[in-house]
Amino acid sequence: MSNRILLVDGMAMLFRHFYASSIHQNFMRNSEGIPTNGTQGFVRHIFSALKQINPSHVAVCWDMGTFTFRNETFASYKSNRPEPPEELKPQFTQVKHISEVLQFCNIGINHFEADDVIGTLANHFAQYQNHEIYIITGDRDLLQCVNHNVKVCLIKKGFTEYHIYDQKRFVDEYHLNPIQLIDVKAFMGDTADGYPGVKGIGEKTAIKLVRQYHSVEGVLEHLNELTASQQLKIKNNIESLKVSQSLAKIHSHVPLEFEDIYNKMAYRIDKHSILQTCHDYELHVSRKFIEKLL
């Protein structure tokens, strides 16, 4: 019998549901005046996912501050991002605490991003044929983790709609292997993360180059076969290309105690405890939602 492992990008859920409701100024404040809208969205979403995917093991992965090893490689990494809204700031701590109270295995490692933790766990557990791994995220970078045992569920709409990528869908859509997404991102850069890639090369050209030459290194080896314009762009941005390739790659060797984590990830829904937690922390919208859901 296979074990179904669910890896959740906690911050992706928090951000998505905060902004979905804050646009209407619906912050769902508790009796102390602290907003709970993002946290309540996280709670509703994760239990919807549990019902839909029915995992045996669950881990929620978190970013731990803004500085990671990537900032040592590229000081401006993610520095272009604005300060989070005041209503969101207290929910960073709040949502992690609620997740712990709800008995989820919460993992955050200083110096690494949640993506790296997810990638490391997925890479490790995918080695075992009796594991199915599902990753829930809003970050397309995690598509590079897709393989025969790993599916990535990109949040599409609401609490239950996803673009679900297995290896076949990724190859059919991109005509690349998932790991080659790193090389595509190296050329096109990432405006959200603040690294440039090669100025003047967008996604369409980046995909075409990687399809033809397989990797950044392959393109550089056949540089003379490219158009004069492409050659000039790459030569003028060669260092940026190499740095961007490094930044785009999810680190899959985060130091983790896999056996201990796996045991802690075992999860069974306790409806009474969940509803009591929602009551205790004034998550009234979540409580009503879960009463109907479960």
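## Where H1 meets H2

In this predicted model, one side of the contact between H1 and H2 is formed by Gly10, Met13, Leu14, His17, Phe18, Ser21 and Ser22 of H1. Their partners in H2 are Asn37, Gly38, Thr39, Gly41, Phe42, His45 and Ile46. Sorted by class, the residues of this contact are five nonpolar and nine polar, with no charged ones.

Now for the geometry. Two packed helices are described by the angle between their axes and by the distance between those axes. Helix H1 spans residues 10-22 and helix H2 spans residues 37-53. Their axes are 7 Å apart, and the helices pack at an angle of about 120°. H1 and H2 are therefore oblique to each other, and H1 passes H2 in a right-handed crossing.

## H1 also packs on H4

H1 has another helix to meet: H4, which covers residues 89-101. Here the packing angle is about 125° and the axes lie 11 Å apart. That angle makes H1 oblique to H4. The crossing of these helices is right-handed.

Which residues of H1 meet H4? They are Met11, Leu14, Phe15 and Phe18, and they touch Gln91, Phe92, Val95 and Lys96 in H4. This contact is made up of six nonpolar residues, one polar and one charged. Look for Leu14 and Phe18 in the structure: these H1 residues take part in the contact with H2 and also in the contact with H4.

Helix H7 (residues 181-188) and helix H11 (residues 238-248) cross at roughly 135°, and their axes come within 8 Å. This makes H7 oblique to H11, and H7 passes H11 in a right-handed crossing.

On the H7 side you will find Ile182, Asp183, Lys185, Ala186 and Phe187. They meet Leu241, Ser244, Gln245 and Ala248 in H11. By class, the contact holds five nonpolar, two polar and two charged residues.

## Stepping back to the whole protein

How many helices and strands does the protein have? There are 14 helices and six strands. The protein has a radius of gyration of 20 Å, close to the 19 Å that the globule rule gives for 294 residues, so it is as compact as a globular protein of that length. Its C-alpha atoms fill a box of roughly 65 × 45 × 30 Å along the principal axes.

An unreviewed UniProt entry annotates residues 3-264 as "domain: 5'-3' exonuclease". Over residues 3-264, the chain is 46% helix and 13% strand, and the end C-alpha atoms are 14 Å apart.

Terms used
Residues numbered from 1 in each chain as written. Predicted model: local features only at pLDDT ≥ 70, side-chain atom pairs only at ≥ 80, totals over all residues. Heavy atoms only, no water. Axes fitted to C-alpha atoms, helices over the stretch in contact; angles between N-to-C directions. Helix = DSSP H or I, 4+ residues; strand = E, 2+ residues; numbered from the N terminus. Parallel < 35°, antiparallel > 145°, perpendicular 65-115°, else oblique. Left-handed = near helix turned anticlockwise from the far one by under 90°. Contact = heavy atoms within 4.5 Å. Nonpolar A, V, L, I, M, F, W, Y, C, P; charged D, E, K, R; others polar. UniProt positions renumbered as here; feature names shortened; annotations may be inferred. Rg over C-alpha atoms; globule rule 2.2 N^0.38 Å.
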